[in-house]
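These entries record what I looked up in one structure. I began with the ligand and then turned to the protein chain.

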Amino acid sequence: MNIKKEHWRAILKIKELFPTLRLINQGLRIKNDVVSISEITSTVEKDAVLIVNNKNTYSIKSNPEVDQNLLKALQLYLPFIWIPLGNKLPVVYLHVAQSLDGKIATNSGHSKWIGNMENRIHSHRIRALVDGVMIGGNTLRNDKPKLNVRHVEGKDSVKIVITSEENNYDSLCTNNNSKIICIGPKNDKLKDPKVTYISVEKNNGVLNPSEILMALKTQGIRSILLEGGKETIKHFLKNNLISMMEFHIAPLLFGSGINAIEFDEIKEVSEAIQLNNPEYYPFGNAIMMRSYLNPKF
Ligand SMILES: NC(=O)c1ccc[n+]([C@@H]2O[C@H](COP(=O)([O-])OP(=O)(O)OC[C@H]3O[C@@H](n4cnc5c(N)ncnc54)[C@H](OP(=O)(O)O)[C@@H]3O)[C@@H](O)[C@H]2O)c1
């Protein structure tokens, strides 16, 4: 998805204005990169887009003369900014790059790069819009990711790793200007000065995902991009804590490897998780499917 620079700047501006906007319950008027808070009105000018703030949600008003690329950019990125009011827990968005047969890595843990460059740019945009980007311990150890925003304009979000182990966090410190949070069971031996440790109790080897989110809320985090891997996704999915899922589907067949999604075996198709109203976006030689779930907040 090619998004014009000025449209991306408009999205970043909306993110900046968003809290004020929600406070005064008004709308937004957008004209290319000019974004202003507007009186609530349903009159749409010829070349401007109006975003009407409606308590917990928003609607977009425009007319046919408006640049369709701006509308596409808003459709793609507003859901990461417009967080429902009064959520008890941070909103979790999942984004993975998978092969056509549903794998996010080979069995040896290799995954660079399943998604194409357009996908990497897209995920960096999401990183710039959310408060935190989260991974599991194996992804940190296998991929040594930076998790920063480097392919687009925008600020890094907080980097969150769920782990009970002592890890090397150097990759997360590359050009880093954000906090690194390690979330796991209490362990006084972990003392990396680059990292903020947050403890959550472990029961039967599992850290409760709702408690993880509650602990992150106390750190000021309201929205999280969950990047994987499979084990981490599984716990959030099982507990119905994912609001939106994005699958970048690459034209690759692995035939083996780590599944994007795994949960308890089902016997009949009717038991499958139904993804409602899926949206499809072309991404170069690949396609992205987005769908919203109904998580408990
Ligand atoms: N293609 C993609 O989009 C994509 C994205 C991300 C990752 N990946 C791939 O995914 C692979 C890793 O997947 P994975 O399933 O092996 O591992 P993972 O989900 O990255 O990490 C699993 C680890 O995370 C910790 N963890 C997460 N949730 C937990 C919970 N609720 N309770 C307790 N511990 C929890 C544990 O860490 P400790 O063991 O440290 O205690 C656990 O062993 C990597 O090879 C990576 O390349 C692909």
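How do the residues of the shell around the ligand divide into nonpolar, polar and charged? I found 9 nonpolar, 14 polar and 6 charged residues. In this division Ala, Val, Leu, Ile, Met, Phe, Trp, Tyr, Cys and Pro count as nonpolar, Asp, Glu, Lys and Arg as charged, and the others, Gly among them, as polar.

**Entry 1: basis.** I noted that the model is predicted, that local features need pLDDT of at least 70 and side-chain atom pairs pLDDT 80 or more, and that totals for chains, interfaces and linings use all residues. Residues are numbered from 1 along each chain as its sequence is written, and side-chain values use heavy atoms, with hydrogens and water left out.

**Entry 2: the ligand shell.** I looked up the surroundings of the ligand and found 29 residues, a residue being near if one of its heavy atoms lies within 4 Å. Thr139, Asp143, Thr163, Glu227 and Thr232 are the closest.

I then looked for polar contacts, which are pairs of N or O atoms within 3.5 Å; within protein, one must be able to donate a hydrogen and the other to accept it, and residues adjacent in sequence count only if both atoms are side-chain atoms. A polar backbone atom of Gly109 is 2.9 Å from an oxygen atom of the ligand. For Ser164, a backbone N or O atom is 2.9 Å from a ligand oxygen, and for Ile162 the corresponding distance is 3.5 Å. Of the 940 Å² of accessible area that the ligand has on its own, the protein covers 89%; I note that such areas come from the Shrake-Rupley method with a 1.4 Å probe, and that for residues only the protein chains shown count as cover.

**Entry 3: elements at the ligand.** I used helices (H or I, at least four residues) and strands (E, at least two) as DSSP runs, numbered from the N terminus. Those giving two or more residues to the shell are β5 (91–99), β6 (103–105), α4 (137–143), β12 (206–207), β13 (223–228) and α6 (230–238). Which element gives the most to the shell? It is α4, with 6 residues.

**Entry 4: helix α2.** I read burial as follows: buried means under 20% relative accessible area, exposed over 50%, and partly exposed in between (1.4 Å probe, protein chains only). In α2 (residues 68–77), I found Leu70, Leu71, Ala73, Leu74, Leu76 and Tyr77 buried. At the start of α2, a side-chain oxygen of Asp67 comes within 2.8 Å of the backbone nitrogen of Asn69.

**Entry 5: the backbone.** Where are the cis peptide bonds that I looked up? One joins Lys112 and Trp113, with omega about -10°; Trp113 lies in the loop between β6 and α3 (117–129). Another runs from Gly228 to Gly229, with omega near 0°, and Gly229 is in the loop between β13 and α6.

I also noted positive phi values in residues other than glycine. Phi of Lys144 is near 45°, and Lys144 lies in the loop between α4 and β8 (158–162). Lys144 counts as exposed because its relative accessibility is 55%. Phi of Asn240 is near 55°, in the loop between α6 and β14 (244–250). Asn240 has 33% relative accessibility and therefore counts as partly exposed.

**Entry 6: Asn53.** Is Asn53 buried or exposed? At 5% relative accessibility, Asn53 counts as buried. Asn53 lies in strand β3 (residues 49–54). Asn53 and Gly27 are 26 residues apart in sequence, and their C-alpha atoms are 5.1 Å apart in space.
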